[in-house]
Each structure stands twice: as C-alpha cells, then as structure tokens.
Amino acid sequence: MTAMETNQQTTFKGEDITSEKDGGILKEILKEGHGDEQPLPNDKVYVHYVGTLLDGTKFDSSRDRNQKFDFELGKGSVIKAWDIGVATMRRGEICRLTCKPEYAYGENGSGDKIGPNATLIFEIELFDFVGEDLSEKKDQSIMRRTLTKGEGWAKPNEGATVEVMLKGTHKDQVFDERTVSFTVGEGFLQNIPEGVEHAITKMTKNEHAQLQLKSDATTGVEKFNIPKNTPVQYDVTLLNFEKAKESWSMNDVEKLEQSEILKKRAAELITCFIEYEGLYQ
C-alpha cells in the first residue's frame, strides 16, 4: 500500500466490525434498514453493490448491470469482508465497507482492475434474505436458517445414529418438544417428520437450525394431530451422531455381515411400519 493510500485510509469513517478489531473492515451506515432481523449463515442474500478503489475508480457495479447479486452467506463464495459485513445489515440498509487487502483479494489482487494489496470500498444495499432451500426438488418445502453454526464438516449419513433436540411449533403452539435418538432412515418410528430427517443429514455437530417445513416434508406431523401438509416450524439441534460405515470402506466379510443386518432390519421395519400405520388409521 502506498503512503497516499495509508493517509487516505485514516480519514475513513465507520465502525470496525472485525472480531479482531484490527481495522480490516470499517462500516459506515448510509441509510438505516428496517426491522431487527439480520441475515444468518447459509441464508441467500440479495444485494446491489458498487465497488471502487481508493482513488475513486469504479471496478464493478451490479447497479450498472441492473441486476441484483445474490450469494449464500458465510460459505466463502465472496470476499471475507462481504461475509462479515453483510451479516451485520438489515433489510433496506445501505452501507459503505472499507476493506483492507487481507479481507478482500490480498496480495494477489483480482484480474486487471484490482491490483495486489488493494484496499477496496463497497457501497452495498441489502434488499432481502431467505433461508437455505434443502429440499431435493428445490421447491422450498424445507427451508433452513442456521441459528448457531456447528463444528467441523462431518454430517450424518444414511444409517447414522443421531441424537437431536427438537421443538415443533404450529401457529405459535408447541406440539413436539423432546430430545430423541434414532437411526437416519428410520425416523418415522420416532415420529420424526421427513423434512426434519432430511435436514439433519445436512447439519454438523452442535448446529442449531430453524426449519420451515411444508408440503410432503411435513409427513409425520399428523401423529401430533396437525393436519397433513400444514406448514410447521422445527427448531433442531444436532447434539451428537455416529456415522454409519460406508460400503466402500468395508472388507468382504464386513459387507456380507452388513447385508444380513440390512435384510433383517428391512423385515423388522416393514412389520413396524404396518403396525405403526395401523394405529393411526
């Protein structure tokens, strides 16, 4: 960074929003947002932005393209300053972020317009944010908002044993609140809605998520006297899990043993399912 840039940077207004308080991201609110809600990790956010260098040169602008930019927060798909800065915003807010190189493109820069060790300025307007769509059909039948990030990267697989804390609500009324252990793929035996079981396979240990379920993802809530296909909310914390051993990691003897176990379990599940459904017909 040149001496001129250093002198300019000291005149910037804004609050240091870095956890280290190293001055790496200064935020100045240009227009207050509305409401108290802020984006959470994994939320999809929709913004307009204008990026400039310290000398005022504009290097990128979604406004010039007349197309809002969207990304999933906290997944590293944008520069670090954006993941940190946008998380502090509210709907309708416009702010200016002054970003040191270590929170932007670092010593390598980016393309022809952003040189090495460049301090960048972004004016960002946050329009909206929504939870992450976990449904296989991408029909928003399972929407997740991550209230507390989990640990590591490992997630339960089919056949994993999981321990979860659940709270299901419908129209502000709690209908299901418990801590329960079950095998992924057999959740129906514990009255676990399909959408909750699917979402758990996308969670990491100690993650606390809020799930909005609708359509077929709510299958299972009728056991709690909630009409089928009625939208419900579940707060889920994955307390612990033990992954099932993957077939590729088994030797021939283990594969044979696993095959026999699965056959026996399938027969037991069919019997349990018939008895289980009969109770509620």
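Author: Two strands pair if DSSP finds at least two bridges between them. Helices (H or I, at least four residues) and strands (E, at least two) are DSSP runs, numbered from the N terminus. This is a predicted model, in which local features need pLDDT of at least 70 and side-chain atom pairs count only at pLDDT 80 or more, while totals for chains, interfaces and linings use all residues. Residues are numbered from 1 along each chain as its sequence is written, and side-chain values use heavy atoms, with hydrogens and water left out.

Reader: Over how many bridges do strand S12 and S13 pair?

Author: Strand S12 covers residues 208–213, and its pairing with S13 is antiparallel. Within this pairing, Leu213 stands opposite Val232 in S13. The number of bridges between S12 and S13 is 6.

Reader: In what order do the 6 strands of the open sheet lie, and which are the edge strands?

Author: The pairing in this open sheet is antiparallel, and the order is S8-S9-S12-S13-S10-S11. Each edge strand pairs on one side only; the two are strand S8 (132–133) and S11.

Reader: Which residue takes a positive phi in the hairpin of S3 and S4?

Author: Strand S3 (residues 44–53) and strand S4 (residues 58–61) run antiparallel and are joined by 3 bridges. Thr52 is placed opposite Lys58 in S4. The hairpin has 4 residues between the strands, and the positive phi, near 95°, belongs to Gly56.

Reader: How many aromatic pairs are there?

Author: Rings of Phe, Tyr and Trp (its six-membered ring) pair if their centres lie within 6.5 Å; planes under 30 degrees apart count as stacked, over 60 as edge-to-face and the rest as tilted. By this rule, the count of aromatic pairs is 10.

Reader: Why is the pair of Phe71 and Trp82 classed as it is?

Author: Phe71 belongs to strand S5 (residues 69–72) and Trp82 to helix H3 (residues 80–86), so that the pair links distant parts of the chain, 11 residues apart. Buried means under 20% relative accessible area, exposed over 50%, and partly exposed in between (1.4 Å probe, protein chains only). Phe71, at 4% relative accessibility, is buried, and Trp82, at 5%, is buried as well. The ring centres are 5.8 Å apart and the planes stand at 50°, so the pair is tilted.

Reader: How many residues apart in sequence are the parts tied together by Phe175 and Tyr234?

Author: This pair is edge-to-face, with 5.7 Å centre to centre and 85° between the planes. Both Phe175 and Tyr234 are buried. Phe175 lies in strand S11 (residues 173–183) and Tyr234 in strand S13 (residues 232–242), so the separation of the parts in sequence is 59 residues.

Reader: Over the face of which ring does Arg91 lie?

Author: A charge sits over a ring if NZ of Lys or CZ of Arg is within 6 Å of the ring centre and within 35 degrees of the ring normal. Arg91 is 3.8 Å from the centre of its ring, that of Phe129.

Reader: How many disulfides does the structure hold?

Author: A disulfide is a pair of cysteine sulfur atoms within 2.5 Å. The closest cysteine sulfur to that of Cys95 is in Cys99, at 9.1 Å, which is too far for a bond. Cys95 is buried at 0% relative accessibility, and Cys99 is also buried at 0%. The number of disulfides is 0.
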